[in-house]
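Hi,

Here is the structure I promised to pass on.

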There are 2 protein chains.
Amino acid sequence: MTQVVGILGGMGPAAGADFVRIFVDACAQHMRAQGQPVRDQAFPEHWLAQVPVPDRSGALEATGAGAHQPLEPMLQALGRLAALGSRAVAIACNTAHAWHATLQERFPQVELLHVAREVASHLAGQGVREVALMATEGTYRVRLYEQALSDAGLVCHLPVAEERTLLMRGIYEGVKAGDLVLAEQCFADVAQRLVARHGPVALIMGCTEVPLGLQGSTAVAGMRLVDPARVLASALAVRAYGPGGRRIS
Amino acid sequence: MTQVVGILGGMGPAAGADFVRIFVDACAQHMRAQGQPVRDQAFPEHWLAQVPVPDRSGALEATGAGAHQPLEPMLQALGRLAALGSRAVAIACNTAHAWHATLQERFPQVELLHVAREVASHLAGQGVREVALMATEGTYRVRLYEQALSDAGLVCHLPVAEERTLLMRGIYEGVKAGDLVLAEQCFADVAQRLVARHGPVALIMGCTEVPLGLQGSTAVAGMRLVDPARVLASALAVRAYGPGGRRIS
C-alpha cells in the first residue's frame with residue numbers, strides 16, 4: 001500500500017519536470033531494492049503542481065511586503081496538493097525553502113520535506129565532512145544549507161561575491177532563459193574555482209537549475225557533485241512506499 | 001493571460017514525466033516564437049496527475065467488465081484536473097485514448113485533446129501521405145490512428161503479427177520493466193523491418209514507451225520518426241497560451 005505524494009514545482013518548470021523524472025527513477029530503484037517487479041501499477045500516485053511563483057531570491061532581497069509575494073501561490077498549491085490526498089510533499093526549488101516553516105505550519109497534516117536537512121543527513125551518513133555550496137543569493141541569504149549542514153556536523157564553504165554573481169548569471173540568463181551554453185560556462189567556472197580553493201570537497205548543486213546546466217559537462221568530470229533533487233526524490237519515494245512516512249526533522 | 005492545463009499520466013510514469021519535460025519545452029518555444037522572453041512566471045499553470053491505471057491493452061483484450069477497469073481511475077483523475085481549473089487536458093498514453101470519447105463526454109467543460117487526431121492533422125499539414133505505425137495491441141485493436149489518419153487522407157501501414165509481438169515485448173519487458181537495452185533492440189528491429197517493407201515512410205511512435213526506448217539509438221538514424229508526445233505537447237501549449245483554446249475535432 002503506497003501513499004499519495006505531491007511535488008510543488010514551477011520554480012522553474014524545467015526543474016519541476018526533471019524532479020518528476022528523478023522521483024520516478026527513485027521509485028523504480030526502491031522497488032528493485034525490495035525485490036519487487038517494476039510495473040506501472042506499482043508506482044505511488046503522485047501529483048505535480050507547476051504554478052507561477054514570483055522570483056524567490058528577488059523577494060528575499062526586497063524589504064517589507066515584497067518578501068511575502070512567493071508565499072501566496074505556494075500556499076495555494078500546497079493546499080491543493082493536500083486536498084488531493086498527499087501525505088508528503090517535496091518542493092522542487094531550494095530557495096523556496098525559505099518559506100518552509102510557514103508552509104509546514106499551515107498544513108500540519110502534510111509532511112513537507114526539507115531539502116537541506118535531507119541532504120545534510122544523507123551526506124553525514126556517507127561520512128562526508130566538508131562541502132562547498134553552489135546556490136542562489138536567496139539561499140545564501142537565509143543560510144538554508146549552512147544551518148542544516150552545521151547541525152549535522154559538516155563544514156560548508158561558500159563562493160565569494162564574484163562567484164555568486166556568476167552563479168546567478170548561469171541560473172537566470174542561462175537555464176531560466178534557455179541558454180544552456182552560458183549556464184555551463186558559469187557553473188563550471190565556479191565549480192573549478194571552489195575545488196581549486198578548498199580541494200576535492202563535495203560540491204552541493206543547491207539550486208535546481210545547476211544540474212540542468214551541468215548535465216553532461218566534461219568541465220566538471222571527476223568532481224564530486226551532489227544533486228539535492230536526487231536526495232529529496234529518494235526521500236519522497238521512501239515516504240510514498242513507507243508505512244505512513246517518517247519524520248527526520 | 002494563460003489557461004490552466006492538465007496532463008493525465010502514470011501510463012507509464014516515466015512517459016508522464018517525460019511528457020511534462022516536452023510540454024515545458026513546447027511552452028518555451030511558443031514564447032520564443034512570440035518574441036517574448038522566457039521566464040519562469042511566463043509558463044502556464046499546469047498539473048500532472050500520475051495515477052495507477054490498470055493495463056490498457058490488457059483491458060481491451062478482456063471481455064465484459066474487464067474492458068472498463070482503466071476508466072474509473074482515469075475519470076477520477078480527469079475530474080480532479082478539471083476541479084483544479086484545467087481548461088484543456090492531454091493524456092500521456094496512446095492506448096488510453098480508447099476511452100477518450102467517454103472521458104470527454106463526462107467532462108464537457110474540459111477540452112480533452114486527442115493524440116491521433118493531433119498527429120494526423122500535423123502530418124497532413126506537413127504534406128506527409130504515408131506512414132507506418134508502431135503501437136500497442138490495444139491501440140491497433142481500437143484502430144486509434146488508422147481512423148484519424150484515414151480521415152486526414154493518409155495511408156497507414158501496420159506491422160505484421162510477429163513485429164507486434166516484438167513491440168509489446170519492448171514496451172512491457174523493456175521500458176516498463178526498466179530494461180532499455182532490450183527495448184531498443186525490439187523497437188529498432190521493427191522500425192528496420194517496416195522501412196525495408198514500405199520504404200522511407202514516416203514512422204509513428206504511437207506508444208509513449210517507444211521514444212523512451214529509442215532515445216539516442218543509432219540503429220534508427222536517418223529514419224523519419226514521429227513522436228506523438230511532441231505533437232500533443234505543442235497542441236497543449238497552444239491551448240495554454242490561446243485565448244480560450246480551439247477545437248480541432
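Two strands count as paired when DSSP finds at least two bridges between them. Keep in mind as you read that this is a predicted model.

Let's start with the sheet. Strand 1 (residues 5-9) of chain A pairs with strand 3 (residues 88-91) of chain A over four bridges, in the parallel sense. In that pairing, A:V5 sits opposite A:A88 of strand 3. Helix 1 (residues 13-33) of chain A packs on the sheet, where it touches strand 1, strand 2 (46-50) and strand 3 of chain A, along with strand 2 (46-50) of chain B. The direction of helix 1 makes about 170 degrees with that of strand 2 of chain A. Helix 3 (residues 71-83) of chain B packs on the sheet too, touching strand 2 of chain A plus strand 1 (5-9), strand 2, strand 3 (88-91) and strand 4 of chain B. For helix 3, the angle to strand 1 of chain B is about 160 degrees.

Zooming out, the sheet is an open one of eight strands with mixed pairing, and its order is 4(A)-3(A)-1(A)-2(A)-2(B)-1(B)-3(B)-4(B). At the edges stand strand 4 (111-112) of chain A and strand 4 (111-112) of chain B; each has a single partner strand, so one side of each has no neighbour in the sheet.

Nonpolar side chains tend to be buried together in soluble globular proteins. Here the largest nonpolar core has 142 residues, and those with the most contacts inside it are A:F19, A:F23, A:F187, B:F19, B:F23 and B:F187. A second, separate core has 52 residues, including A:L8, A:C93, A:F107 and B:L103.

The side chain of A:R56 reaches the backbone oxygen of A:V53 at 3.2 Å. Beyond its close sequence neighbours, A:R56 contacts residues of both chains, among them A:W99, A:K176, B:D40 and B:Q41.

Cheers

Notes
Residues numbered from 1 in each chain as written. Chains lettered and ligands numbered in written order. Predicted model: local features only at pLDDT ≥ 70, side-chain atom pairs only at ≥ 80, totals over all residues. Heavy atoms only, no water. Core = buried A, V, L, I, M, F, W, Y, C linked by side-chain atoms within 4.5 Å. Buried < 20%, exposed > 50% of the residue type's maximum accessible area, 1.4 Å probe, protein only. Polar contact = N/O pair within 3.5 Å; in protein donor to acceptor, adjacent residues only side chain to side chain. Contact = heavy atoms within 4.5 Å. Helix = DSSP H or I, 4+ residues; strand = E, 2+ residues; numbered from the N terminus. Axes fitted to C-alpha atoms, helices over the stretch in contact; angles between N-to-C directions. Lists of a residue's contacts leave out its neighbours within four places in sequence.
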